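Welcome to this short tour. Please take a moment to look over the sequence and the structure, and then read on.

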Amino acid sequence: MKTHKMVKLRTKFIFMLATAILLVTAVGVLIGTMLYSSSIVSHYNKTAYHIAEAVSGYFTDEELKEYAELAFGSQNGSVQEEEIQEIIESDRYRELYHLIDSTRDSMDANDIFVCVVDMDLIYHYNAELDAKDMWNPLIYILDSYYDTEYQMLFGERSPIIAEYYDDVKYSYENGVHSENILKTGGTFDAAVSAIYPVVINGETTAFIGVEIPMTTLSTDVRDFILHLVGAAGIAAVILSILFTMSFVKNMIDPIKLVASEAENFLKHNNQISDKLETIQTHDEIQVLSESFLKLEKDINDYIKNLTKITAEKEHDHMTGLYNKGKFMSLLSENFGKPYSIAVFNMDVNNLKITNDTYGHEMGDLLLIKAATSLRMMESEKVTGFRMGGDEFMLIAIDYTREEALELKAQWEATVERLNQKNDNLPLVIACGMAYGQGDYDLNEMLGQADTLMYEDKKQKKKEQ
């Protein structure tokens, strides 16, 4: 009878322990989900403003002023449609469009747009009206959501969320973006948005808008909850089983072995344990050891696959250099904010001629040759990128100006040596260098390097 009562007490204790674990886990899941959701939304919002800030660097002050005047002129009729169409079809406008569109693709944004604001509508905004009853105060200059720049005309409007009015007004009057986390819905489902003011000579001249989708976030949060709840349930069951089996002879040593091998697995570079195969208890402990052994193998396979996928995602398949996506990721972090940085903007001459005359295989070899010249310069402080097409970039951090100039000279000598080895495929590549240290503006440096590269490109064409 006493034994029976003891069994009942033990069973009741195990049940209460499992229930307590489930309740604590449920509360933890709820709190963790709330904190996780809030943190990721805030992160998306900051990312949107980082993107907007980067996009603002694509434009010169003169361009934004000109585009702003044209956009307002399209509304009051002071600008002819032919003048606007001429701007839209210009090479510079197309270049800006493709820059912004490629940024949208690489950063997984739904939309990036540039606009001016009709402040008369902002100041007469009635908060009691629905969004559908209001005019849109945004007058668009360029919108990456459209398939081509020809579908986006100056002065076009589209619906706007009512909550934007106060934030746009605040940004316009103060020249800084609102601290509110803007959420939109409808056209792109749920999104975290940024309305970033561009201030020129103390005046808010234009706005950069960015919308980042949260569809993935919703899926991640849902999966996070499901997996966490599932893992918590499994953990509770396993804990109850282990507690019950603790009364069984020879249980402690096998469990210690599993724990010891798990620790060894972490300490010795994920080396798979052979000792786990020696556990032959023909019960749950053996199942646990076999499962952990399988988990070790799965983790190793996962790490190998993840390393391969990451390398493929960050590298250009043809040249092996880092790709534009990796460049943009490092750019968003200012390349780790070194004290000094040198930017080399490069562009291969005559690629189209080579493709048209000798075929794309020879053109690919020319690109590989250009990439080889960059790769021979790479070190712990020097990194090469293929930005796409015939465009390349070399970034050197913590270099003095003299060292940066010497690096450029070494690269030019390397190109010369490569050309001597294969005269049938001469590599002519233009290069523009910008250098900064201390309080430098990386986006401004990129623009300087781009300008110098085009000047060098023209000079090299004259010399050919």
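## Two loop residues with positive phi

D398 lies in the loop between β9 (391-397) and α13 (401-421). Helices here are DSSP runs of H or I with at least four residues, strands are runs of E with at least two, and both are numbered from the N terminus. D398 is not a glycine, yet its phi is positive, at about 55°. With a relative accessible area of 37%, D398 is partly exposed; buried means under 20%, exposed means over 50%, and partly exposed is in between (1.4 Å probe, protein chains only).

Now turn to N334, in the loop between α10 (324-332) and β7 (340-348). N334 also has a positive phi of about 55° although it is not a glycine. Its relative accessible area is 31%, so N334 counts as partly exposed.

## The model and its confidence

This is a predicted model, in which local features need pLDDT of at least 70 and side-chain atom pairs count only at pLDDT 80 or more, while totals for chains, interfaces and linings use all residues. Residues are numbered from 1 along each chain as its sequence is written, and side-chain values use heavy atoms, with hydrogens and water left out.

The pLDDT, the predictor's confidence in each residue from 0 to 100, averages 76 for the protein, and 61% of the residues score at least 70. Over residues 1-10 the pLDDT is below 50, and this stretch has one contact beyond near neighbours in sequence; a contact means heavy atoms within 4.5 Å. Residues 147-152 also have a pLDDT below 50, but there the model shows 18 contacts beyond near neighbours in sequence.

## The overall picture

The protein has 14 helices and ten strands. Of its 464 residues, 39% count as buried. Among contacts with a separation of 6 or more, 67% come from residues 24 or more positions apart.

Q75 gives you one place to look: it sits in helix α2 (residues 61-76). At 38% relative accessibility, Q75 is partly exposed.

## Two helices in contact

Helix α11 (residues 351-358) and helix α12 (residues 360-375) pack at about 145°, with axes 6 Å apart. The axes are lines fitted to C-alpha atoms over the stretch in contact, and the angle, on a scale from 0 to 180 degrees, is taken between N-to-C directions.

Which residues make the contact? From α11 come L351, T354, N355 and Y358, and from α12 come H360, M362, G363, L366 and L367. They divide into five nonpolar, four polar and no charged. Here Ala, Val, Leu, Ile, Met, Phe, Trp, Tyr, Cys and Pro count as nonpolar, Asp, Glu, Lys and Arg as charged, and the others, Gly among them, as polar.

## Aromatic rings

The structure holds six aromatic pairs. Rings of Phe, Tyr and Trp (its six-membered ring) pair if their centres lie within 6.5 Å; planes under 30 degrees apart are stacked, over 60 edge-to-face and the rest tilted. The F59 and Y67 rings have centres 6.4 Å apart and planes at 90°, so this pair is edge-to-face. F59 is buried at 7% relative accessible area, and Y67 is buried at 3%.

Elsewhere, Y322, F327, F335 and F385 form one aromatic cluster. K326 lies over the face of Y322, 5.3 Å from the ring centre; a charge sits over a ring if NZ of Lys or CZ of Arg is within 6 Å of the ring centre and within 35 degrees of the ring normal.
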